[in-house]
Amino acid sequence: MRTPRGALPATLLCLTLTAAVGGCASGPEPGPEKGPIVFATGSDLSSTGVRQDLIEAFERRTGRSVRIVKLPDTADGQRSQLLAAGQSGNSDYDVLNLDVAWTAEFAEAGVIRPWGTALDGDFLDSVVKTVDHDGKIWGVPFNSDAGLLYYRKDLLHEYGYDQPPSNWGELKNVAGQVADAYNRRLAREGKGAKAPKMYGMVAQLRPYEGLTVNTLESAWANGGDPDAPSFTKGEQVGALQQGVADVKDRLDSIMPHEATAMDETESRRWFADGRALFMRNWPVEYASVAEKLTPGKQFAVAELPARPTDGKRMSVLGGQNLAISAGSRRPAGARALIEALTSPGSERCLLERGFAATRDSSYREAAKAPACPLPPERGEHGTGRRAPWPGQEPPYTRTLYAALRAAQPRPRSAHYQTFSKVVQIRVSEYLNSRGGTAIADALAREADEALSGRG
């Protein structure tokens, strides 16, 4: 049995639960909560609107109403709005849907309150790290994410490769060889002017959070330790610099220069349009790729390539956590909503509708997994499209499960956003330069300063 995480002393736990659900101490009982539970969240990125479906199911089951406040589309806009509202003391929010990288910052800013009880042992170990700060649990994992390697299965097979590359060096060699051979064949057949040129790979290298993610994954592939507090000490020395150098090497050899302006959507378009052999992206893009390419025949997904020293395959952990706003006037309702949205059945719904679930039980074989409480027809929502895999697990589930268990959180610091901005500015500058390592060398020192609050 897993040791409970984030348990509080009895007196503090009592006070926390009193604020949430009443009882456990003498004094007047709190009055009934008034008004709808206010849920602040970004857009539902699935094609099915599953998160809204789960909220509506909660309303029908409990009789409590939920008012959804849509935040800006960008992560920076969401973070700024939530922090400003929480620190002003005028926020009416009850439940906050937070990026997994924000826990430490929001906790130290006093914008969210401790969850107050340990999480049950069904949550994946990797995702639990994202709600743990300073020995306390500050929320509940809602949906997760891990980077995957998308690859053109048909073209690899055609040119003699029946498995995706095992490490990044092999990927570069295979990508260059197959893309060149494919483009030469098109030219010989007179199709070069009509068919798009094939590049070896695309990834998210625009100066935003996606560039930070790709940089961290490359640093870890070069021996970096995700748990190390510094990039300039011990075995960490050189990992970040070499990681950045490898990203630039791939950009200069097997990627289009347009990758420096790509996000998740644009890189997915290139891959689905047949302009790239490999792509690093999140599983939420799988269904969109499958609209143009046939899963299992034309394309497939694998874990990210391993680092050659020890065979570890590490992706940056993505996703969102749910937390109770420090200023919530409906904490009991907020807690009930979070518990409903993160229950075993709800997490199975998220998996079936395109998200990465945060519970181990979601990834069991279908007959043994918790049943999604939503009927299959609820998969059609808003966009007029049905859920890609109603009532069953997505075809990439086994790969995703392995990737999630090996995934690692981004640096858990209240100053993470400053760190990420430093990475975005410096790495983007380096990728667009003609050479030299001075930028990469300065990055490790500036990254340390940013994480410690000195930057």
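Which residue is the bridge partner of valine 202 in β9? The views below begin with that strand. This is a predicted model, in which local features need pLDDT of at least 70, side-chain atom pairs count only at pLDDT 80 or more, and totals for chains, interfaces and linings use all residues. Residues are numbered from 1 along each chain as its sequence is written, and side-chain values use heavy atoms, without hydrogens and water.

**View 1. Strand β9 and its partners.** Methionine 279 in β9 is the bridge partner of valine 202. Strand β8 (residues 199–202) pairs with β9 in the parallel sense over 3 bridges, while β7 (residues 148–151) pairs with β9 in the antiparallel sense over 4 bridges. Strands are DSSP runs of E, at least two residues, and pairing takes at least two DSSP bridges. Tyrosine 151 stands opposite phenylalanine 278 of β9. Since 6 of the 6 residues of β9 (residues 276–281) are buried, the strand is largely enclosed by the rest of the structure; buried means under 20% relative accessible area with a 1.4 Å probe, protein chains only.

**View 2. The largest nonpolar core.** Here you meet a core of 97 residues, where Leu82, Tyr93, Tyr150, Phe278, Tyr363 and Phe419 are those with the most contacts inside it. Such a core is a set of buried Ala, Val, Leu, Ile, Met, Phe, Trp, Tyr and Cys residues joined through side-chain atoms within 4.5 Å.

**View 3. Around phenylalanine 419.** Beyond its neighbours within four places in sequence, phenylalanine 419 is in contact (heavy atoms within 4.5 Å) with residues including Thr212, Phe231, Pro411 and Leu451.

Key. Buried means under 20% relative accessible area, exposed over 50%, partly exposed in between (1.4 Å probe, protein chains only).
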